[in-house]
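Hello,

Here is the structure I said I would pass on. My notes follow below it.

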Amino acid sequence: MFSPLIPPARVVRAIEIARHHLGQLHQRMVPPPAAMMELIGNAWVAQAITAAADLGIADALAKGPLSIDELAAALDADADTVRRLLRALISRGVFRKLGDGRYALTPLGDTLRSDADVSLRAFARFTGAPQHREHWSHLTDAIRTGQAVIPALRGKSAFEWIASEPELDEIFNDAMTGVSELAIAPVIAGYDFSRYATIVDVAGGHGRFLSAILQATPQARGILFDQAHVVADAPALLEHYRVADRVRVAGGSFFDTVTEGGDAYVLKHIIHDWPDDEAVQILGNMRTAAGPGKHVLLVEFVLPGHDREFVGNWLDLEMLVGAGARERTADQYGELLGRAGFRMTRVVKTVSPVSVVEAIAV
């Protein structure tokens, strides 16, 4: 986990409000065309970060500062254009230039290392990949039609298409691992899992999240449920985190059935991948497996009621473009859960943008 120090959620919310008002003040201090130019230019910033990630600049600087010639040689790239890229990214705090002219990492740049505790290198590479940029170039069409653009462009669903692109699929999976790691520490700190004897991680991949839950609740046992070819690689990770002796691994598709025997069924960043009808089908299969009185816990970016900056608003558009899916408000999650036979009991906010939607089977 990236940090054992988790501040109170109310402190983080206060900081978010202060940042919002400072951002509003910044925009009002310049002419609107200048402020809009800056917003539009953020696309260039994102693509420059992707270039740095593709080149592996953070990995090259991981052992210490380098001169521009040393760095360019390590990257097998042109020294002048590497310098120009660094000049731009230094202005955003991603790298820094020392007094002797050498270049070094900052805490921001450190997140682009392949082996960082929470690495966002793959996320940068996927977000800026030509295919992904092409999808977002059709956002206007998605807004007009309310439909995902990937099926029209690729002739396949988003998940089928990404699986057919081996190199991009590997980057995507690494990206999801990095982003997922961001949520683990805040969720473990913000929600008490100790009330459940057996916890089922549905579509839990190799079991990273389940491992963290079990480390925090030594008395609990877990069931890791995902497609058979996915969980086949789980034992090594479970052994690494020393929870393998408390986990039963089960293979299957949540569109067919979900394994029984859990007191709580956890889905982290799963329901947002699906339109309402498919989401209800997944939740309905969990209701069948769970039985009355058991809980389902959805770890998601629950859209707030305010108009301040919130990463979930942008992820909502990502879900639309890729899969015709969406991020949801608490009320919308409550409605989905109700259709599937659950009653939403509360939404537990964490210090991160992620919340835990808790519901009980009725």
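The buried residues of helix 17 are covered by, among others, helix 8 (130–136), helix 9 (139–145), helix 10 (150–154) and helix 11 (158–163). This is a predicted model, in which local features need pLDDT of at least 70 and side-chain atom pairs count only at pLDDT 80 or more, while totals for chains, interfaces and linings use all residues. Residues are numbered from 1 along each chain as its sequence is written, and side-chain values use heavy atoms, with hydrogens and water left out.

Helices (H or I, at least four residues) and strands (E, at least two) are DSSP runs, numbered from the N terminus. In helix 17, the buried residues are Gly 312, Met 319, Leu 320, Val 321 and Gly 322; buried means under 20% relative accessible area (1.4 Å probe, protein chains only). Gly 324, with a positive phi near 65 degrees, follows helix 17.

UniProt, in an unreviewed entry, lists His 272 as "active site"; such annotations may be inferred rather than shown by experiment. His 272 sits in the loop between strand 6 (264–268) and helix 16 (276–290). His 272 has a relative accessible area of 8%, so it counts as buried. Beyond four places in sequence, His 272 is in contact (heavy atoms within 4.5 Å) with residues including Glu 300, Met 319 and Tyr 333.

On the sheet: 7 strands form an open sheet in the order 5-4-3-6-7-9-8, with mixed pairing. Two strands pair if DSSP finds at least two bridges between them. Strand 5 (247–251) and strand 8 (342–349) are the edge strands, each pairing on one side only.

Regards

Definitions and conventions: Buried means under 20% relative accessible area, exposed over 50%, partly exposed in between (1.4 Å probe, protein chains only).
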